[in-house]
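Biologist: I am new to this structure. Could you take me through a few of its features, one question at a time?

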Amino acid sequence: MTATATAGITTATSPVTEIPAASPERAFAFFAERLGCQADPADVWYALRDGRQDFVILDVRPEGAHRKAHLPGAISLPIAAITAESVAALPPGLLVVYCWGPACNGSTKGAMKLAALGREVKEMIGGLEYWVREGWPTEGRRPIDPATATPADLGLVC
């Protein structure tokens, strides 16, 4: 951290500005690239709610977790089952992949495998955990009521 004095006023460089910000052009490219690979749960929900779903939702958690609760219309394809054959059987178009939550990188691994197999894919940030926190509906054997959800309901514990 550095400090400078001007007319009796001392200003210190904060940890935020110690490393200079990227140029606006570089920042734009960075954020555009992130948005090209990620989907916000709210955007997914609004598309479903408004009848504008132009993507396929893919749940890469274990099948048992999917049976318990999943996003509306989500197709179950656990990471270990992602193969050229299983991907060829999926509907065409953009795939939006999710897993448990932000502490899980299963959706990242699944998205990487899908991209390697030639599919357009976005990772839904926050996963099922943040979907439920927002209060949006789930399907399955045990649909989740966000008002009373426990970690076990989210599939976060066995």
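Biologist: Which element supplies the largest share of the lining of the largest pocket?

Modeller: This is a predicted model. The largest pocket is lined by 15 residues, and both β3 and α2 (41-49) supply at least two residues of that lining. The largest share, 4 residues, comes from α2.

Biologist: How many residues of that lining are charged?

Modeller: Lying nearest the centre of the largest pocket are Ala39, Asp40, Asp43, Val44 and Lys122. The lining as a whole includes 9 nonpolar residues and 1 polar residue. The number of charged residues is 5.

Biologist: Which strands are at the edges of the sheet?

Modeller: The open sheet is made of 5 strands with parallel pairing, in the order β3-β7-β6-β4-β5. An edge strand pairs on one side only. The edge strands are β3 (38-39) and β5 (75-76).

Biologist: Is Ser86 buried or exposed?

Modeller: Ser86 lies in helix α4 (residues 84-88). Its relative accessibility is 19%. Buried means under 20%, so Ser86 counts as buried.

Biologist: Which backbone oxygen does the side chain of Ser86 reach?

Modeller: Leaving aside neighbours within four places in sequence, Ser86 is in contact with Leu77 and Ala81. The Ser86 side chain also reaches the backbone nitrogen of Thr83, at 2.8 Å. The backbone oxygen, reached at 2.7 Å, is that of Ala81.

Definitions and conventions: Residues are numbered from 1 along each chain as its sequence is written. This is a predicted model: local features need pLDDT of at least 70, side-chain atom pairs count only at pLDDT 80 or more; totals for chains, interfaces and linings use all residues. Side-chain values use heavy atoms; hydrogens and water are left out. Two strands pair if DSSP finds at least two bridges between them. Buried means under 20% relative accessible area, exposed over 50%, partly exposed in between (1.4 Å probe, protein chains only). A polar contact is a pair of N or O atoms within 3.5 Å; within protein, one must be able to donate a hydrogen and the other to accept it, and residues adjacent in sequence count only if both atoms are side-chain atoms. Contact means heavy atoms within 4.5 Å. On a 1 Å grid over the protein atoms alone, a cavity is a set of points where a 1.4 Å probe fits but cannot get out, and a pocket is an open set with protein on both sides within 12 Å along at least five of seven lines; lining residues have an atom within 4 Å of a point. Ala, Val, Leu, Ile, Met, Phe, Trp, Tyr, Cys and Pro count as nonpolar, Asp, Glu, Lys and Arg as charged, and the others, Gly among them, as polar.
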